Structure formats: C-alpha cells, structure tokens
Amino acid sequence: IATIAALLLAYPLVYWIAFRGGRWKNLFLIFIVAPFFVSYLVRTLAWLNILADEGPVVGILRTLHILAPDGRLLATGVAVVAGIPYNFLPFMALPLYVSLEQLDSRMLEAAKDLYASSTQTFLRVTLPLSAPGIVAGTLLTFIPAAGDFINAALLGTPRHTMIGNVIQAKY
C-alpha cells in the first residue's frame, strides 16, 4: 500500500517538474532530495508531532469534520501508511523523473498531431514510456519499505506489524 501511495504522490509531482518546472527544475528536485539530509529516525519522529492528537493534521481534519472530535490518527494504520511514503518518496520520485525527462517531446507532439486528447496522450504515450521509471521506483520503494520497522513501531501500535518487526522479534 505504501509503495502505491508513494507512486500516486510522486508521479503527478514529478510529471509537473519534468514538463512544467522550467528553469526551477533543479530547485524542485533539491526539495525532493532535501529530506535525505535528515536522519530517517528524525523524519519519523517529526511525523509523531504532525499526527499527534494536538497536531496540525488532526486539528484540520476535526475542523473539516472528517475526523471525530475524539478521533485520532497516531497509533493507527493511517499513520503508518502516511509515514512510509513520505520517508521513501525520493526513492520513487527520482527514477520517475529520469524516465519522464528522457521522453522525446516529438512523440507527444505526434500524438497531438494525430488528434489524441491530453488524456489519450498521457495514457497511450507518456505512461507506457515512463513504465521503466515506475518499475524502478516501485522496486526501490518496496524493498526498504518491506523491511521498515521504525514507522510501524513509532507511528502504529503493536498490532501493526511489518516484515521488519517480525524479523526484529525473532532475533
């Protein structure tokens, strides 16, 4: 689930950077990579504060009546699934960016010349040509996310186990 969430977050972001970023592309890519300069544990602990009962996300969700007044996000599966894509987003975004950046713009223009709509151009040209980036990003995200035990231990409860938690408990 976390890998799919990372893909759904990264693809539109990287698509926009690749095709609309202009002269700011490098700055946007630095923003994607910048969290890697902070320890993985510190980033996860930051999510503890963000998703806490008195944190900003819970306050906004309660104001919008999406979350019950006594509801919480921390120590739920939602918190675990929110933490993993954030921590592994660069692993998905960078291969996708390389794949989209290498697309030949003449192929997209040819699709438009053949009266393809923007949606058809995306589904029949852009998405298939970016498939290697999707596969690479999925593998780079899934492998470390499967062994991750920090997010489940800190953001979840003992009921939220991942493969890493099982390995840690056995040895």
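**Exercise 1. Which residues form a nonpolar patch on the surface, and what is their accessible area together?**

Solution. We are working with a predicted model. Step one is to find the members: Val-135, Leu-139, Phe-142 and Ile-143 make up the nonpolar surface patch. Step two is the area, and together these four residues expose about 410 Å².

**Exercise 2. Work out how α8 spans its length and how its buried and exposed residues are arranged.**

Solution. Start with the length: the 16 residues of α8 reach 22 Å from the first C-alpha to the last, close to the 22 Å expected at 1.5 Å a residue. Now list the buried residues of α8, which are Gly-133, Ile-134, Gly-137, Thr-141, Ala-145 and Ala-146. Looking down the helix axis, these buried residues fall within an arc of 160°, so they line one face of α8. Finally, turn to the face directed away from the buried side: there you will find the exposed residues Pro-132 and Ile-143.

**Exercise 3. Describe the surroundings of Asn-87, and say whether Asn-87 is buried or exposed.**

Solution. First, locate Asn-87 in helix α5, residues 77-101. Then check its relative accessibility: the value is 0%, so Asn-87 counts as buried. Last, leaving aside residues up to four places away in sequence, Asn-87 touches Phe-36, Tyr-40, Arg-43, Thr-44 and Asn-151.

Notes. Residues numbered from 1 in each chain as written. Predicted model: local features only at pLDDT ≥ 70, side-chain atom pairs only at ≥ 80, totals over all residues. Heavy atoms only, no water. Helix = DSSP H or I, 4+ residues; strand = E, 2+ residues; numbered from the N terminus. Buried < 20%, exposed > 50% of the residue type's maximum accessible area, 1.4 Å probe, protein only. Contact = heavy atoms within 4.5 Å. Patch = residues over 30% accessible without salt bridge, like charges linked within 9 Å, V, L, I, M, F, W, Y side chains within 5 Å. Areas by Shrake-Rupley, 256 points an atom, 1.4 Å probe, with all protein chains shown as cover. Salt bridge = Lys/Arg side-chain N within 4 Å of Asp/Glu carboxyl O. Expected span 1.5 Å × (residues − 1). Arc of directions from axis to C-beta.
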